[in-house]
Amino acid sequence: MAHIFLYGPSGSGKSTIGNILSERLGRKLIDVDQTIEASARMLIRDIFAAEGEAGFRIREQRALKDAASDIEPCIISLGGGALLNPESRAFAESKGTILFLDVSVAILEQRIANKPNQRPLLAVKTDCAQPPAPGKGKPIAQLLAERAEHYGSFPYRVVVGTGSPDETADRVQAVLGLLS
């Protein structure tokens with residue numbers, strides 16, 4: 001049995017769904033963003049401020065490889081851009097199944113508004129007339145539009161934001177053929 005990688009934009013519920021699946025399936029959950037923060041001893045937003053996105057992506061690629069080197073099948077929660085690098089995507093595909101959590105702009109805006117300082121690439125509102133200030137991120141709709149082709153290329157997907165997290169986890173298990 002292989003790893004399950006949960007992937008989707010920031011705020012799509014990867015950590016929440018990952019925790020539920022971990023408990024239900026008896027698998028360890030590895031949250032790559034939490035792993036990066038623990039090893040760097042700083043928050044992701046501070047890594048972005050100090051090293052830029054490029055520095056963060058190097059750390060992210062290393063954390064992905066470390067997480068997937070676990071012999072026991074795990075649930076691995078990935079950051080919203082972790083598989084933009086073709087090498088990282090190919091590596092994850094070779095180690096398990098990637099499930100994309102698909103979520104609407106409106107739901108993401110609502111979720112991001114609750115934690116605006118935790119997502120360095122995102123600005124809360126999509127209808128801003130002015131571009132975001134430097135270091136304040138992009139409107140969510142813009143980021144999703146830029147990544148639409150990439151995000152749309154994952155065959156295993158579940159729409160999130162309708163129903164409870166437990167219902168979403170049920171759909172994830174159904175898509176992956178892991179009903180208990």
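Start with the largest nonpolar core: select Phe5, Tyr7, Ile76, Leu78, Leu83 and Val172, which touch the most other members among its 45 residues. Such a core is a set of buried Ala, Val, Leu, Ile, Met, Phe, Trp, Tyr and Cys residues joined through side-chain atoms within 4.5 Å; buried means under 20% relative accessible area, exposed over 50%, and partly exposed in between, with a 1.4 Å probe and protein chains only. Next, colour helix H3 (residues 44-68), which gives the most to this core, eight residues. Helices (H or I, at least four residues) and strands (E, at least two) are DSSP runs, numbered from the N terminus.

The model is predicted: local features need pLDDT of at least 70 and side-chain atom pairs 80 or more, while totals for chains, interfaces and linings use all residues. Residues are numbered from 1 along each chain as its sequence is written, and side-chain values use heavy atoms, leaving out hydrogens and water.

Now centre on Val172. Beyond its neighbours within four places in sequence, Val172 is in contact (heavy atoms within 4.5 Å) with Ile17, Leu21, Leu99, Leu101 and Val158.

Show helices H1 (residues 14-25) and H8 (residues 165-176) together. Their axes, lines fitted to C-alpha atoms over the stretch in contact, with angles from 0 to 180 degrees between N-to-C directions, come within 9 Å and cross at roughly 65 degrees. Among the residues making the contact are Ile17, Ile20 and Leu21 of H1 and Ala169 and Val172 of H8.

Finally, select Ser77 in strand S3 (residues 75-77). Ser77 counts as buried because its relative accessibility is 2%. Leaving out residues up to four places away in sequence, Ser77 touches Leu6, Lys14, Ser15, Leu29, Ile30, Asp31 and Val32.
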